[in-house]
Amino acid sequence: MDVVSDAISAVRIGRPFSHRVRTGGRWCARLEPYDGAGFHVVLEGTCWLLPDGGAPVVLGPGDAVLLPHGTGHVIADSPADPETVARAEPFVRWDAEGPARGTVPAPRPGEPVVVMLCGKYRLDRSHAHPLLAELPSLVHLRGHEGTSPELRAAVILLACELGGEEAERPGSGIALPGLLDLLLVYMVRAWLDGGADGSAGGVWPAALGDPVAAAALRALHAAPAAPWTVDRLAAEAGVSRATLVRRFTARVGRAPMTYLTWWRLTRAAALLRDGTEPLGSVARRVGYSTPYALSHAFRREFGVTPGRYRGEREEQEGREAAFSPSASSAHPPASSPAGS
């Protein structure tokens, strides 16, 4: 796997959630801070996003916005004043069923219509890759300024998948999570390529753009369990040992072997969290000769043993599943809370 794929896979947990919203008139909805990443894609019309502690952002047709750190925010038909924001409808009620359903203004004849795709990714931030940690609080991709064709295609497919009246389209259980993963990858790519507001450069765009650092990173991520040494990694990158250490450390912020140790333990944590492999198997997959060696290094990095870590994660997942709202699934019962 490449660095971006690994960075996302290491932290993304559970199933992403998205739905299509169609509304009009005067409206204002509040999304509380979230332990994950949120996104909005505007398919039609114009609206405003007001992030907590940040400047308002106007979103037009084709615009996509990623909130990689789960920043709380308000979306509204206009740059609402503080009093209006304080009375904002909780967004979680927009797709609620029964008597508690929120009041989502349906567009009246002649009123501007806003159609959006809104969603969230659950992320485990306990061992986030620094590439994702470096993302700004808001990544704004403007549709009218040459959004990548891949991102446009993913948006079109998502809009089609979520645009029907059926509660569950055939195959949506596979199609939706896959399309949402594509959307996340394409938005992160756009940030790395400098095609997004809030992307004024950073450590990881520079690291992945440096041929020496990028070659070493690809090698380490492709085979983290290999018996790497600085000399072997330098040969893989086609440079001297001194050049590798200097360029890698300057770009990545850690020496090559320090980064490798951190990445091996991060991979081990993801394997423990997402699977049921015995500790010995996990140890071999990430480059440790014995479970004891992995356990010692893991405890030094995470403060708990691998077994305790796995148990705590299972308990947390159980609590979240027990109290999770309907938004925990990739496809809610209604594709348009406004009743379109």
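The model is predicted, so local features need pLDDT of at least 70 and side-chain atom pairs count only at pLDDT 80 or more, while totals for chains, interfaces and linings use all residues. Residues are numbered from 1 along each chain as its sequence is written, and side-chain values use heavy atoms, with hydrogens and water left out.

**Exercise 1. Find which residues have the most contacts inside the largest nonpolar core.**

Step 1: A nonpolar core is a set of buried Ala, Val, Leu, Ile, Met, Phe, Trp, Tyr and Cys residues joined through side-chain atoms within 4.5 Å.

Step 2: The largest one has 57 residues, and Leu 183 and Tyr 259 have the most contacts inside it.

Step 3: Helix 5 (residues 172-192) gives the largest share of this core, 11 residues.

Step 4: Leaving out residues up to four places away in sequence, Leu 183 touches Phe 39, Val 41, Tyr 121, Leu 151, Val 155 and Leu 158 (contact means heavy atoms within 4.5 Å).

**Exercise 2. Work out the order of the strands in the five-stranded open sheet.**

Step 1: Two strands pair if DSSP finds at least two bridges between them.

Step 2: The order is 5-4-7-2-8, with mixed pairing.

Step 3: Strand 5 (57-59) and strand 8 (89-90) are the edges; each has a single partner strand, so one side of each lacks a neighbour in the sheet.

Step 4: Strand 2 (residues 28-31) pairs with strand 8 in the parallel sense over two bridges, and Arg 30 stands opposite Pro 90 in strand 8.

**Exercise 3. Explain how the buried residues of helix 8 are arranged.**

Step 1: In helix 8 (residues 230-237), the buried residues are Val 230, Leu 233, Ala 234 and Ala 237.

Step 2: Down the helix axis they fall within an arc of 105°, so they line one face of helix 8 (the arc is that of the directions from the helix axis to the C-beta atoms).

Step 3: Their cover includes helix 7 (211-222), helix 9 (241-252) and helix 10 (256-274).

Key:
Buried means under 20% relative accessible area, exposed over 50%, partly exposed in between (1.4 Å probe, protein chains only). Helices (H or I, at least four residues) and strands (E, at least two) are DSSP runs, numbered from the N terminus.
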